[in-house]
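Subject: Structure handover

Hello,

Here is the structure we talked about. Please open it alongside this note; my findings follow below.

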Amino acid sequence: MAPVSPHALESIPVLQAELDTIFADPAYQNAHWGVMVQSVENGQILYRRNARKLFMPASNMKLVTSTVALTRLGSDHQFQTRFVACGSIDAENGTLAGDLLVLGGGDPSISERFKDGDALAVFSAWADSLRSLGISAIDGGVVADDDLFDDVHIGPGWAWDYLGAAYAAEIGALLFNEGALGLRFVPGDSVGDPVDPVVVPATSYITLHGQAVTTDDSTEVGVYASRRPFSNDVDVGGEIWIGSDSIMRYVAPHNPTLFFATVLQETLESRGILLSDPPRDRDDAVMQCDLSTVLFVHRSPALGDILRPFLKESQNQIGEMLLRYLGTVATDSGSVAAGRRAVTQTLTSWGIPDDSYVYYDGSGLSRYNYLAPEAIVRILRVMARRPDFSVFYEALPVAGVDGTLERRMVGSRAARNAHAKTGFISNARALSGYVTTADGELLAFSIIANNFDTPVRPVEYVQDLVVERLANFERDR
């Protein structure tokens, strides 16, 4: 399929005929294509193909979650984590006579992504805050309260065989580092040397089983880390070439609340605050606490800033937390069901037909999700008319520049032009967003492929080709 030169098309019928030819390529005879292209400015539909059919959208579902969250919460919204002293503070010896209760507020930003790669930065700052209040010892432990959300920590329709992976990390109202830990494998000094991966950040919360080995074969290299179901035992192994740089693998520990409490307590102790009891989930703690004795409150970055990694890097756990948080705001229930009702109410207010989507989770990881391209484009057009449109627009990946589109459409007219969300799960690939034509017209588009049996890259090539054609389009005036 040859690339198209700029300004080769000057009428909508010619554009439509070319796009028909692209999607009719025999290489994609098994694929099911859904496409919608519409002018943001005047509403004219430039192209449609199965636009009202339902497609598995993968991470294009993040477009729904982000737009509803932005609309209902506002771009300046901050999530709050409160710290409560469950006992008196002895000013003479600096001891809190009781537990330190941490009340989760659904903050998805307590992670290395928001702190220049330092996952412990927020916890260290909290230790400093406690010391500034005169607390150098706690006659108790860290108790984590995750009751803002319910105890269903995974999304509906998530597959059991990837639940130990970082992209499917469990969700809770207290979530540390997006629910994930890194394992750094560094080759030994000699062939045959065992390799014990380093846990990043360091914690005793998981237990490693097995070792990798150093090899002189650079062609058969692969290390792995796999968490056992419903435990924090992680199996590691494989081979790493002696001349290799370090290799990172990621796992998602089980029980996000206890993971949060454990790493926080370890951080406090590393910074000189002694604790006498182990970390606990409040559900497992026998305690009395006056919730009015708040020591301090941590506030997250603004939602507008949180949306950037959510959309640009397609970070799943942010979406799942936003969905549950929407439920708490609308109904005081931090459940998927309550969040889904809030999403449905908003979509209905935008005129999105209820038969044009099936919304099951906030990230798009679930294979229960379905969206019609027409519904996606309608959402994009609604957002383009909102006063906070620039926040949403700038949070999307930019072709040839950043996020999941950094290496796509490079060198074309679509580069530094198209702002769009990608989506990928097995046999489903989506791309939806905005592109500006050669004569300055903003278009909203959605291009989804389902049920294909080709490699992923050729499907992406078709999507990119179409967006590039739209970027080169100039109306016949």
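In what order do the five strands of the open sheet run? The order is β18-β8-β6-β3-β19, and the pairing is mixed. β18 and β19 stand at the edges with a single partner strand each, so one side of each has no neighbour in the sheet. Bear in mind that this is a predicted model.

Inside that sheet, look at β6 and β8. β6 covers residues 99–103 and β8 covers residues 142–145. The two pair in the parallel sense, over four bridges. L101 stands opposite V143 of β8.

Next, strand β1, residues 32–39. Is β1 mostly covered or mostly open? Mostly covered: seven of its eight residues are buried. β1 has these pairings:

- With β24 (residues 442–450), β1 runs antiparallel, joined by eight bridges. W33 has A449 as its bridge partner in β24.
- With β2 (residues 45–49), β1 also runs antiparallel, here with four bridges. M36 stands opposite R48 in β2.

β1 and β2 make a hairpin, with five residues between the strands. In the turn, G43 has a positive phi of about 80 degrees. One general point for reading the strands: side chains in a regular strand alternate between the two faces of the sheet.

Now the charges. How many salt bridges does a search of the whole structure find? The count is 19. Among them is the contact between E170 and R227, at 4.0 Å from N to O. E170 sits in the loop between β8 and β9, while R227 belongs to strand β14 (residues 222–227), so the pair ties together parts that are 57 residues apart in sequence. Both E170 and R227 are buried.

A second case is E460 with R408. Their closest N and O atoms are 3.6 Å apart. This pair also links distant parts of the chain. E460 is in helix α10 (residues 456–472), and R408 is in the loop between α9 (389–395) and β22 (419–425), 52 residues apart. Both E460 and R408 are buried.

E460 has another partner, R457, with the closest N and O atoms 3.2 Å apart. R457 and E460 are three residues apart in helix α10, so about one helical turn separates them. E460 counts as buried because its relative accessibility is 9%, and the cut-off for buried is under 20%. Through shared partners, salt bridges join R408, R429, R457, E460 and D464 into one network.

Finally, the surface. Which residues form the negative patch? They are D147, D151, D283 and D284. D284 lies in the loop between β18 (280–281) and β19 (294–299). D284 is exposed, with a relative accessible area of 60%.

There is a nonpolar surface patch as well. V191, V221, W241 and I242 form it, and together they have about 300 Å² of accessible area. V191 is in the loop between β9 (181–185) and β10 (194–195). V191 counts as partly exposed because its relative accessibility is 49%, and exposed requires over 50%.

Best wishes

Key
Residues numbered from 1 in each chain as written. Predicted model: local features only at pLDDT ≥ 70, side-chain atom pairs only at ≥ 80, totals over all residues. Heavy atoms only, no water. Patch = residues over 30% accessible without salt bridge, like charges linked within 9 Å, V, L, I, M, F, W, Y side chains within 5 Å. Areas by Shrake-Rupley, 256 points an atom, 1.4 Å probe, with all protein chains shown as cover. Salt bridge = Lys/Arg side-chain N within 4 Å of Asp/Glu carboxyl O. Lys, Arg positive; Asp, Glu negative; His and termini not counted. Charge placed at Lys NZ, Arg CZ, Asp CG, Glu CD. Buried < 20%, exposed > 50% of the residue type's maximum accessible area, 1.4 Å probe, protein only. Pairing = 2+ DSSP bridges.
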